[in-house]
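Q: Could you walk me through this structure? I have it open on my side.
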Amino acid sequence: MSDFIVSARKYRPTTFDSVVGQLSITSTLKNAIRSNQLAQSFLFCGPRGVGKTSCARILAKTINCESITKNIESCDKCLSCKSFNENTSFNIHELDAASNNSVDDIRKLVDQVRFAPQVGEYNIYIIDEVHMLSSQAFNAFLKTLEEPPKHAKFILATTEKNKIIPTILSRCQIFDFRRILVKDIANHLDFVAKNEGVEVEKEALNLIAQKVDGAMRDSLSLFDTLISFSDNNLTYKSVIEHLNILDYDYYFRVTTLLLKNDIEGLLNIFNEILENGFEGIHFINGLAEHLRDLLVSQDESTIKLLEKGENLKSKYLEQSKECNLEFLIKALDLCNECDVQYKTTNNQRLLIELTLMRISSIGINEKKKTKTFVVSLNDKRRHISVEEIIKSDKKDQEIKETSVNNKVSLETESKIRPAHTFDMQKKPSLISINSSLNIEDQIFKEDSLSLEIRGSDFSESRMLQVWGDLISFIKKQGKSNLGITLGVHQPILLDEYLIELRLSNSAQQEIFLEEKLIVLRYLRDKLENDRIEIKTIITELDISKNPYTNKDKFKKMLKENPSLDKLRVKLALDPDY
Ligand SMILES: [Zn+2]
């Protein structure tokens, strides 16, 4: 096993052709050598572990080789090549600017540049992490870079191209190294495994490749570590365990449950994930990644963005057929919202549970059905929709008010199953859902009288009449912003009970969404139809064209006159405008 600890070094590429995933760079370098038009200075940019230093060494070795092959590779036999292989070549000088970034360090290097090489044609100076040089060191180096002797070549490498000053950029030929594709890394690991006689599962290698974010070097050292744990047989399962990765299988199952609106199943699976020691936020981010992968699987033109092994790919294709685009986009949006709120919320678990419920109810809204449950409270019955339950974490007015006396129970005529309970607050306000929320079909089939889902027909003109009443009702309540918002455009009745409300901008939409429940409740009561839904459309997408809120107005003014911000600071105005 000990011979594995060196994979990264042992399998470091030594020829241009063995560099993985940087074909355009290696072929450009080869062409330049072939046509004898090699630049004097190079800047290799790109993330860590993608082959910058390896390419620099290969270049150094090749241009010093005494008999370069037809394919523009080093011969590996001549004196120079041998000394390179044995790490004894005097033609290569490496400086790690991360740890040697003083003027003195660079002066030492510059002093050497004057001397021509004893063996071979060129001296190659590699400065790694060149952006770390102090500004004095930079200046000391600049002169040399401007007029280097013919026998000297400079290869500057950096992970942060944006920190390189223009005077350096303009003197170098720039090569942008890209992250290596998951499939290329996995293939290379497979090659290493075969060479070393190790049994590996393809999916295990894919997982490693995904984990290292395009860095080959990292993948090799991770591979070494994992092999040392797994007794020369690397399985998908052992990688999952050691890397503490949530199995993709979970995400497939969660997505199926989301599509089926199986809230009970979702809560159970999320509980299982937490019990296995995973953080909720990792789960939500992983779910977002999964949904993103399903999204790119939907279209021929984006499917290439799916970086998975063949087995897994077909699973993604299959599941993506079950999801429509709107579901995926909305679900991603909700995951993102959850991610943003995660750090600031007091009850992270509840936040994720609610997010799962919201996602799983996306489909319901599309079907334009509003599931309604009867709430029994002090012998009074009232309707409560899934949406209201879900919204209750945010602004929950009614539920909180009515639930002071311990609990609100949601019941249906169907059999009672064990309850899921959510702690809404520290106060003893409990909502118990006495049956899975996925009973929609049952409700409609059983036509149970006690559910009393109202479904009266109404015309558009009747709706507009009630809408007018609604606006004055809202205004009477002192919510003038909402009143104005509702009056900007006339709503349209799209079909039986779906109302479209056009709004001028996202600020209006925000105002509306905050109070949507009040609006819905009013309309449902007056029109005696519990299935009424409202969808909003923003008519003016570009807010900057037509600033609405004070913040937007200020932003627009700021664009025209940036010094306004100084004025704002001087006057100690609210930083949020
Ligand atoms: Zn050679």
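**Hairpin, helices and confidence**

A: This is a predicted model. One place to begin is the hairpin that joins β13 to β14 through two residues.

Q: How do β13 and β14 run, and how many bridges join them?
A: They run antiparallel, with three bridges between β13 (residues 492-495) and β14 (residues 498-503).

Q: Which residue of β14 does Asp495 stand opposite?
A: Asp495 faces Leu498 there.

Q: Switching to helices. At what angle do α23 and α24 pack?
A: The angle is about 115°, and the axes are 9 Å apart. Helix α23 covers residues 480-487 and helix α24 covers residues 506-514. Their crossing is left-handed.

Q: Which residues meet there?
A: From α23, Asn481, Leu482 and Thr485; from α24, Gln508, Ile511 and Phe512. That contact comprises three nonpolar residues, three polar and no charged.

Q: And the whole protein, how many helices and strands?
A: There are 27 helices and 15 strands. Of its 577 residues, 32% count as buried.

Q: What share of the contacts join residues at least 24 apart?
A: 71%, counting contacts between residues at least 6 apart in sequence.

Q: What is the average pLDDT?
A: The protein averages 80, and 80% of the residues score at least 70. Over residues 367-381 the pLDDT is below 50, though the model gives that stretch 42 contacts beyond near neighbours in sequence. Residues 392-451 are also below 50, with 80 such contacts.

Q: How should coordinates be read where pLDDT is low?
A: Not in detail.

How values were computed
Residues numbered from 1 in each chain as written. Predicted model: local features only at pLDDT ≥ 70, side-chain atom pairs only at ≥ 80, totals over all residues. pLDDT = per-residue confidence, 0-100. Contact = placed C-beta atoms within 7 Å. Helix = DSSP H or I, 4+ residues; strand = E, 2+ residues; numbered from the N terminus. Buried ≥ 20, exposed ≤ 12 C-beta atoms within 10 Å, placed from the backbone. Pairing = 2+ DSSP bridges. Axes fitted to C-alpha atoms, helices over the stretch in contact; angles between N-to-C directions. Left-handed = near helix turned anticlockwise from the far one by under 90°. Nonpolar A, V, L, I, M, F, W, Y, C, P; charged D, E, K, R; others polar.
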